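Here are my notes on the model you sent over. Have it open while you read, and we can go through the points in turn.

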Amino acid sequence: MRDYCWDFDGTLYQTYPVMVKAFKETLQDYGIEVNAQAVYLRMRRSSLGQTFAFYTNDLPTTTQAKIVQDYRQREQQAQKDEHPFSGAREVCKQVVARGGRNFLLTHRDHSAWQLLVRDQLAEFFSGAVTGDAHFPRKPNPASLNYLCTKFGIIRTEAVMVGDRPLDVEAGRRAGMQGYLFDPDQTIIAKIECDRRIRELKAAL
């Protein structure tokens with residue numbers, strides 16, 4: 001592969017410990033007790049949005065929105081504890097050294113790029129789409145199609161790497177390969193992916 005499109009949460013960065021803690025504490029503020037491991041599994045196997053829906057679906061819409069807002073504030077305050085996975089810097093650097101490019105594709109807002117800058121990873125990225133662009137959410141391939149058009153990505157020489165089935169599906173829908181990064185073998189369902197990896201270096 002020449003060009004790599006990377007998911008952020010749970011792929012480039014080990015953010016789930018902070019996310020799950022913020023989720024659990026926020027719901028506790030509203031009198032909802034949840035199991036941390038169950039929350040993690042649901043986040044990995046579906047999405048953050050679907051996890052919120054599962055636990056708050058019976059609440060008024062305004063309360064659901066307030067819970068999400070409170071969660072985001074709590075998670076943002078703890079971003080100092082969110083760091084790249086082992087090998088993330090080396091893999092992105094090697095992609096560039098081989099003549100390829102890295103792109104960021106995430107539902108997270110601009111804070112994802114700020115963390116790349118903080119950890120001196122941004123220099124290895126040629127472009128990004130964050131949640132601030134308001135593209136349809138993965139597995140819709142619209143954001144990947146945008147990157148392909150803007151940066152002249154050859155789809156048959158590109159791959160989407162992510163930790164959830166929806167990341168892989170988005171890549172395949174966009175006409176590129178899809179690699180599932182599953183370091184702790186959380187994804188038990190059979191999914192159509194071109195490669196299932198437990199270490200980021202295996203994406204090369």
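1. Which strand does Val-161 lie in? Val-161 is part of strand 6, where strands (E, at least two residues) and helices (H or I, at least four) are DSSP runs numbered from the N terminus. Before going on, a caveat: this is a predicted model, with local features needing pLDDT of at least 70 and side-chain atom pairs counting only at pLDDT 80 or more, while totals for chains, interfaces and linings use all residues. Residues are numbered from 1 along each chain as its sequence is written, and side-chain values use heavy atoms, with hydrogens and water left out.

2. Staying with Val-161: at 0% relative accessibility it counts as buried (under 20% relative accessible area; exposed is over 50%, partly exposed in between; 1.4 Å probe, protein chains only). Leaving aside neighbours within four places in sequence, Val-161 is in contact (heavy atoms within 4.5 Å) with Tyr-4, Cys-5, Trp-6, Asp-7, Thr-11, Tyr-179 and Phe-181.

3. Next, strand 7 (residues 177-181). Four of its five residues are buried, so strand 7 is largely enclosed by the rest of the structure. Strand 6 (residues 158-162) runs parallel to strand 7, joined by four bridges; strands pair if DSSP finds at least two bridges between them. In this pairing Val-159 stands opposite Gln-177. The chain gets from strand 6 to strand 7 through helix 8 (residues 165-173), a right-handed β-α-β crossover (with the strands pointing away from the viewer, the path from the first strand over the helix to the second runs clockwise).

4. Strand 7 also runs parallel to strand 8 (residues 195-197), with three bridges between them. Here Tyr-179 stands opposite Arg-195.

5. Have a look at Asp-182, in the loop between strand 7 and strand 8. Is this residue buried or exposed? Asp-182 counts as buried, because its relative accessibility is 3%. Beyond its neighbours within four places in sequence, Asp-182 is in contact with Arg-44, Ile-187, Arg-196, Ile-197 and Arg-198.

6. Finally, the largest pocket. Its lining has 34 residues, with Arg-72, His-107, Arg-108, Asp-109 and Arg-137 nearest the centre. By class, the lining has 11 nonpolar, 12 polar and 11 charged residues. Helix 4 gives the most to this lining, with six residues.

Technical notes:
On a 1 Å grid over the protein atoms alone, a cavity is a set of points where a 1.4 Å probe fits but cannot get out, and a pocket is an open set with protein on both sides within 12 Å along at least five of seven lines; lining residues have an atom within 4 Å of a point. Ala, Val, Leu, Ile, Met, Phe, Trp, Tyr, Cys and Pro count as nonpolar, Asp, Glu, Lys and Arg as charged, and the others, Gly among them, as polar.
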